Amino acid sequence: MNLSVQLAPKHQSGLSLTNPVMTASGTFSYGIEYSHFFDIQRLGAIVCKGTTLEPRDGNPQPRLAETASGVLNSIGLQNIGVKALIKEKAPIWASWRVPVIVNIAGETIDDYAQLARQLNGVAGISAIEVNISCPNIKAGGAEFGADPKSAARVTASVKAATSLPILVKLTPNTSDIARIATAVAEAGADAISLINTLKGMVIDITKRKPLLGNITGGLSGPAIKPVALSMVYEVAGVVDLPVIGCGGITTASDAIEFIMAGASAIQVGTANFANPRAPLDILEGIEQFMQKEGISNLTDLIGAARR
Ligand SMILES: Cc1cc2nc3c(=O)[nH]c(=O)nc-3n(C[C@H](O)[C@H](O)[C@H](O)COP(=O)(O)O)c2cc1C
């Protein structure tokens, strides 16, 4: 069976994955920690935690709240910063077979360009995922992803600063995701990933206060799957680029739904917290489905529900 996918067909060196199962940023750390649970080299790609120019401590606690069929988080991009990532993590990734994609976030367009410049040419880094969709930081983040013009400006500035393939990750917290996707595609994205979390909140009724230290957070997990699926379906219909589906994927059948909606690859996020082997279980489930259905090439499934 052939499960390989090309996520950057318009890019000079491309971004070839042996299979469509990726991990979602912020839910799989730097990948290194998970290598104790299973053979992570079998995955299609690993996306690391959102990375900023300087290290960040993130938002005040509490930063996680469980909700019906989901999780609210307000981590606020706690991370080690790009310099430590290049020095400490990239040399480990350079010895891996599985491609690692670095998720980046900034407060200004120049932050994104600087991050892309610093990551350019670093061994062990196969692509950049541009996070214009983080709902948990005061400046930048999802603000860029909610407006087509600024989404395009961030994309173009990253494109100009690196020769790596770039994935742009969209926020669902917008009224017209198709317009944002089109703007990002025209500005030079190689692929589009969606969705990031949906803004939400929880109130602690005994304290009469918002439960999260940041007041609001981002909702993820099975609760958001139908929203993510319809957005993937919509975006795959308007852009001529690979689309990477993300949002509530917990089982192989969830993943297959996204692929049939038009996603060339999928990312597993919150499911990793309950089952650290989830991405591998999902990969094996996709293989079993293909075998059962007599499908030898994954590309035959991509967009199958659109035809
Ligand atoms: C704890 C946590 C941290 C996250 N951190 C990031 C991040 O740093 N960058 C990013 O682009 N997305 C981040 N996300 C969003 C996920 O990558 C994903 O888009 C979202 O959770 C939806 O997928 P899921 O329902 O499978 O979790 C984070 C999500 C969670 C739950």
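The legends below describe close-up views of a predicted model.

**Figure 1. The open parallel sheet.** Eight strands make up an open sheet with parallel pairing, and their order is β3-β16-β15-β10-β9-β8-β7-β4. The edge positions are taken by β3 (21-23) and β4 (46-47); each has a single partner strand, so one side of each lacks a neighbour in the sheet.

Figure 2. Residues 100-104 of β7 and residues 127-131 of β8 pair in the parallel sense over four bridges. Asn 103 has Glu 129 of β8 opposite it. Strands β8 and β9 run parallel and are joined by four bridges, with Glu 129 opposite Leu 167 of β9. Between β9 and β10, also parallel, there are three bridges, and Leu 167 has Ala 191 of β10 as its bridge partner.

**Figure 3. The two faces of strand β9.** In a regular strand the side chains alternate between the two faces of the sheet. Strand β9 spans residues 166-169, with Ile 166 and Val 168 pointing one way and Leu 167 and Lys 169 the other way. All four of these residues, Lys 169 included, are buried.

**Figure 4. Leu 194 in the largest nonpolar core.** This core contains 96 residues. Met 22, Trp 93, Ile 132, Leu 170, Leu 194 and Ile 286 have the most contacts inside it. Residues up to four places away in sequence aside, Leu 194 touches Leu 170, Ile 177, Met 231, Val 232, Val 235, Val 243, Ile 244, Gly 245 and Cys 246. The peptide bond from Leu 194 to Ile 195 is cis, and its omega is near 10°. Ile 195 belongs to the loop between β10 (191-194) and β11 (198-200).

**Figure 5. Helix α7 and its packing partners.** Helix α7 covers residues 252-261, and seven of its ten residues are buried. These are Ala 252, Asp 254, Ala 255, Ile 256, Phe 258, Ile 259 and Ala 261. They pack against the helices α6 (225-238) and α9 (278-293) and the strands β15 (243-246) and β16 (265-268). Gly 262, which follows α7, has a positive phi near 125°.

Figure 6. Glu 257 and Lys 225 form a salt bridge in which the closest N and O atoms are 2.6 Å apart. The pair links distant parts of the chain, with Glu 257 in α7 and Lys 225 in α6, 32 residues apart. Glu 257 is partly exposed because its relative accessible area is 34%, whereas Lys 225, at 14%, is buried.

Figure 7. Glu 284 and Arg 42 meet through their side chains in a salt bridge of 3.2 Å, N to O. This pair links distant parts of the chain: Glu 284 lies in α9, and Arg 42, 242 residues apart from it, lies in the loop between β3 and β4. Both partners are partly exposed, Glu 284 at 24% relative accessibility and Arg 42 at 34%. A salt bridge of 3.0 Å, N to O, joins the side chains of Asp 281 and Arg 277. Asp 281 is partly exposed at 33% relative accessibility, and Arg 277 is also partly exposed at 33%. Through shared partners, salt bridges join Arg 42, Arg 277, Asp 281 and Glu 284 into one network.

**Figure 8. Thr 27 in the loop between β3 and β4.** Thr 27 lies in this loop and counts as buried because its relative accessibility is 10%, under the 20% limit. Apart from neighbours within four places in sequence, Thr 27 contacts Tyr 34, Val 268, Gly 269, Thr 270, Asn 272 and Phe 273.

Figure 9. Gln 61 and Pro 62 are joined by a cis peptide bond with omega of about -10°, and Pro 62 lies in the loop between β4 and β5 (64-67). Ser 69, in the loop between β5 and β6 (70-73), is not a glycine but has a positive phi of about 55°. Arg 208 likewise is not a glycine and has a positive phi of about 55°. Arg 208 is located in the loop between β12 (203-204) and β13 and is exposed, with a relative accessible area of 75%.

**Figure 10. A nonpolar surface patch.** Met 201, Ile 203, Ile 205 and Ile 215 form this patch, and together their accessible area is about 430 Å². Ile 215 comes from the loop between β13 (209-210) and β14 (217-220), and is partly exposed with a relative accessible area of 44%.

Methods. Residues numbered from 1 in each chain as written. Predicted model: local features only at pLDDT ≥ 70, side-chain atom pairs only at ≥ 80, totals over all residues. Heavy atoms only, no water. Patch = residues over 30% accessible without salt bridge, like charges linked within 9 Å, V, L, I, M, F, W, Y side chains within 5 Å. Areas by Shrake-Rupley, 256 points an atom, 1.4 Å probe, with all protein chains shown as cover. Salt bridge = Lys/Arg side-chain N within 4 Å of Asp/Glu carboxyl O. Buried < 20%, exposed > 50% of the residue type's maximum accessible area, 1.4 Å probe, protein only. Pairing = 2+ DSSP bridges. Core = buried A, V, L, I, M, F, W, Y, C linked by side-chain atoms within 4.5 Å. Contact = heavy atoms within 4.5 Å.
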